[in-house]
Amino acid sequence: MPNVRIADLVAEIEANVRRALLEDVGAGDITAQLIPAERLARASVITREACTVAGTAWVDAVFRQLDPRVAVHWQVVDGDRALPGQVLFSVEGPARSLLTGERSALNFLQLLSGVATRARHYADQVAHTQVRLLDTRKTLPGLRLAQKYAITCGGCDNHRIGLYDAFLIKENHIAACGGIAAAITAARGIAPGKPVEVEVESLDELNQALAGGADIIMLDELSLADMREAVRIVAGKAKLEASGGINDSTLREVAETGVDYISIGTLTKDVKAVDLSMRLSL
């Protein structure tokens, strides 16, 4: 499944930023009106903690939409690791516009850098294996593509983007279709070119999914021993994805079973924003 690329996100970024400015600025920033309209200023944004940067294009779009006279100067690029106290970027232009755009710009940067930082944390733990770490659809409403892009900045990969680009046949789908084989056959008939993934909860279901021709088989909360046995059984005839409750304490062991993918909802669901600060000088 392909990763979200920044080149594919131009329209999405503009739409994200329009919504953010509408909810924050609304009819106008009344506090910024305290400052003379002609006053110019410069500001620097630092990170107060170590992080992996993501979201630079969203910051650029905030100030571009708000006031084209604002110039943004980056000292990092998406994917860079930054240290506490490091300057990420500076802005210069009308003081009113710098202050009005501050919160929206930092909201995007702190959230997406938080996602990238979490992804990098997990990716570093399994760098000695061939496993690929995947995100899920457990994203903030309206910011799925942004979060999935940030995942790639942290060295992880994207699972399906939505319900439209790949089949993921789970327990209830299987029950409604009358079995694993029937569900896979139906999927091939509906969209022959789409990947078909089947979630299984036992080695017996694994064998059914493999016999049915699934492209990817998701091992839902199987034991480490069963994961290793699944790798032996499948022997490269399909891709294997481990899923379900995987965290810091279990990730390394799961990766070392030999599965191809590990999907982790917490990459986007429980993200902690990076602590950023903007300092203004006139």
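For the charge count I take Lys and Arg as positive and Asp and Glu as negative, leaving out His and the chain ends. On that basis I looked up the charges of the chain: there are 30 positive and 36 negative ones, and their mean positions lie 4 Å apart. I keep in mind that this is a predicted model.

**Entry 1, the whole chain.** I noted 10 helices and 12 strands. Along the principal axes, the C-alpha atoms fill a box of roughly 70 × 40 × 25 Å. The chain has 282 residues, and 49% of them count as buried. I then checked the contacts with a separation of 6 or more: 72% of these are between residues 24 or more positions apart. The accessible surface came out at about 13,200 Å², with 52% of it belonging to carbon and sulfur atoms.

**Entry 2, the antiparallel sheet.** I traced an open sheet of 4 strands, ordered β3-β5-β1-β12, and its pairing is antiparallel. β3 (71–74) and β12 (276–281) are the edge strands; each has a single partner, so one side of each has no neighbour in the sheet. On average, neighbouring strands here are turned by 20° against each other, direction ignored.

Inside this sheet I followed β1 (residues 40–47) and β5 (residues 87–94), which run antiparallel and are joined by 7 bridges. L40 sits opposite P94 in β5. Next I looked at what packs on the sheet. α3 touches β1, β3, β5 and β12, and its direction makes about 150° with that of β5. α2 lies across β3 and β5, and runs at about 165° to β3.

How many of the 10 residues of α4 (residues 144–153) are buried? I get 7, so I call the helix mostly covered, with buried meaning under 20% relative accessible area. The buried ones are A146, Q147, K148, Y149, A150, I151 and C153. I see a lysine, K148, in that list.

I then asked myself what the buried residues of α4 pack against. The partners are α1 (10–25), β2 (51–52), α2 (56–66), α3 (95–125) and α10 (266–269). Just after α4, G155 takes a positive phi of about 90°.

I picked out β8 (residues 196–200), which pairs with β9 in the parallel sense over 4 bridges. V200 stands opposite L219 in β9.

Which loop holds E221? I find E221 between β9 (216–220) and α8 (224–234). Its phi is near 55°, positive in a residue other than glycine. E221 is exposed, with a relative accessible area of 59%.

A235 is in the loop between α8 and β10 (239–243). A235 is not a glycine either, yet its phi is positive at about 50°. I checked its cover too: A235 is exposed, at a relative accessible area of 54%.

Terms used. Residues are numbered from 1 along each chain as its sequence is written. This is a predicted model: local features need pLDDT of at least 70, side-chain atom pairs count only at pLDDT 80 or more; totals for chains, interfaces and linings use all residues. Side-chain values use heavy atoms; hydrogens and water are left out. Buried means under 20% relative accessible area, exposed over 50%, partly exposed in between (1.4 Å probe, protein chains only). Contact means heavy atoms within 4.5 Å. Accessible areas come from the Shrake-Rupley method with a 1.4 Å probe; for residues, only the protein chains shown count as cover. The place of a charge is taken as NZ of Lys, CZ of Arg, CG of Asp or CD of Glu. Two strands pair if DSSP finds at least two bridges between them. Axes are lines fitted to C-alpha atoms, for helices over the stretch in contact, and angles run from 0 to 180 degrees between N-to-C directions.
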